[in-house]
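This report covers ring and charge geometry. The structure comes below, followed by the notes.

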Amino acid sequence: MIDKLNIVKQRFDEVNDLIIQPDIIADQKRYVELTKEYKDLKDLMAERETYMELTQNIKEAEEIIADGSDEEMVEMAKMQLEDAKEELPKLEEKIRMMLIPKDPEDAKNAVVEVRAGTGGDEASIFAGDIYKMLTKYCESKGWKVSTVDFSEGTNGGFKEIQFEVSGEEVYGTLKYEAGVHRVQRVPQTETQGRVHTSAATVMVFPEAEEFDVEINPKDVRVDYFCSSGPGGQSVNTTYSAVRLTHEPTGLVAQCQDQKSQHKNKEKAFKVLRSRLYDMELAKKQEEDAAKRGSMVTSGDRSAKIRTYNYAQGRVTDHRINLSLYDLPNIMNGDIQKIIDELKLVANTEKLKEASDSF
């Protein structure tokens with residue numbers, strides 16, 4: 001453990017020196033990467049300091065006990081040794097978790113898309129419920145949510161809705177919500193009282209910076225059209241909405257949330273960059289998941305991840321066989337306990353992979 005921490009300290013000192021170099025500061029991409037690495041390493045250095053103090057305390061206490069000349073000092077040393085030996089395994093476990101290589105995407109903001117799946121009007125209503133659940137969760141974390149584009153359902157909810165989320169470790173948290181969410185309940189539109197099953201798909205993209213993806217403007221067709229839905233006097237009167245088509249891949253991004261055509265175009269480009277970046281990331285995630293045999297991944301977009309059963313008040317996450325009988329609170333945005341369990345499983349898998357290096 002000490003050897004590993006000493007290697008990390010060497011890297012910390014190196015990064016500390018690099019981030020003040022003028023040529024690094026001038027290279028925006030490199031500077032951002034190094035400052036993120038510095039922040040992570042700084043937290044680890046604080047734990048290293050505690051670890052060094054604790055191991056030193058154990059060594060000193062053992063020396064005093066071995067000497068045995070001062071009875072009072074021996075008693076104090078025995079207490080110190082007992083406390084330190086109790087604390088050490090917990091600290092070592094914490095450090096092991098911190099030594100797991102972080103996914104560089106996790107610190108990014110995210111673009112989230114919720115789409116109605118099978119189930120007609122009820123699927124659109126459920127997509128609206130999932131959108132509310134996710135946005136309430138984001139707000140509880142103090143994250144900023146901004147709508148990009150939407151298409152409303154005929155009886156409420158959304159056929160699809162896209163929104164941006166910005167804050168701390170957004171993608172690293174919301175990626176666990178990617179996949180197919182299934183609901184079992186009596187629809188509002190059902191007069192016979194029969195339980196229906198319908199679904200909504202959630203996609204989560206890490207927000208790509210301009211230096212992550214370069215888009216050739218010649219490859220993008222830009223169309224302008226009138227906004228629809230809520231938005232004030234400019235709706236259906238000005239061509240403020242923007243649709244971008246990336247012709248080499250066929251990917252489409254559009255935005256109609258802002259009254260300004262320029263702002264909508266800027267937002268749409270941000271989504272297009274994120275979609276292109278996500279295409280490459282999804283390939284990598286699928287390869288990594290196949291290597292690990294992991295179910296806790298955002299790589300498979302068609303995987304059924306969760307069922308919301310209204311009759312039983314139950315929510316089941318199928319990836320980790322977790323069932324919670326707390327449906328009203330979960331639909332109100334209280335999904336932290338589910339995400340925590342998923343993170344724990346994912347980190348345990350990573351820890352097993354990294355255990356050979358400890």
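## A stacked pair

At 22% relative accessibility, Tyr 38 counts as partly exposed, a class between buried (under 20% relative accessible area) and exposed (over 50%), with a 1.4 Å probe and protein chains only. Phe 12 counts as buried, at 13%.

The model is predicted: local features need pLDDT of at least 70, side-chain atom pairs count only at pLDDT 80 or more, and totals for chains, interfaces and linings use all residues. Residues are numbered from 1 along each chain as its sequence is written, and side-chain values use heavy atoms, without hydrogens and water.

The structure holds six aromatic pairs (Phe, Tyr or six-membered Trp rings with centres within 6.5 Å; planes under 30 degrees apart are stacked, over 60 edge-to-face, the rest tilted). Phe 12 and Tyr 38 are stacked, with 5.2 Å centre to centre and 15° between the planes. This pair links distant parts of the chain: Phe 12 lies in helix H1 (residues 2-18) and Tyr 38 in helix H3 (residues 28-67), 26 residues apart. Helices are DSSP runs (H or I, at least four residues), numbered from the N terminus.

## Other rings

Tyr 137 and Trp 143 are edge-to-face, because their ring centres are 6.0 Å apart and their planes stand at 90°. Both residues are buried. Tyr 131, Phe 150, Phe 158 and Phe 163 form one aromatic cluster.

## Charges over rings

Arg 185 lies over the face of Tyr 310, 4.9 Å from the ring centre. The charged end of Arg 243 sits over the ring of Phe 225, at 4.4 Å from its centre. The criterion is NZ of Lys or CZ of Arg within 6 Å of the ring centre and within 35 degrees of the ring normal.

Notes:
Helix = DSSP H or I, 4+ residues; strand = E, 2+ residues; numbered from the N terminus.
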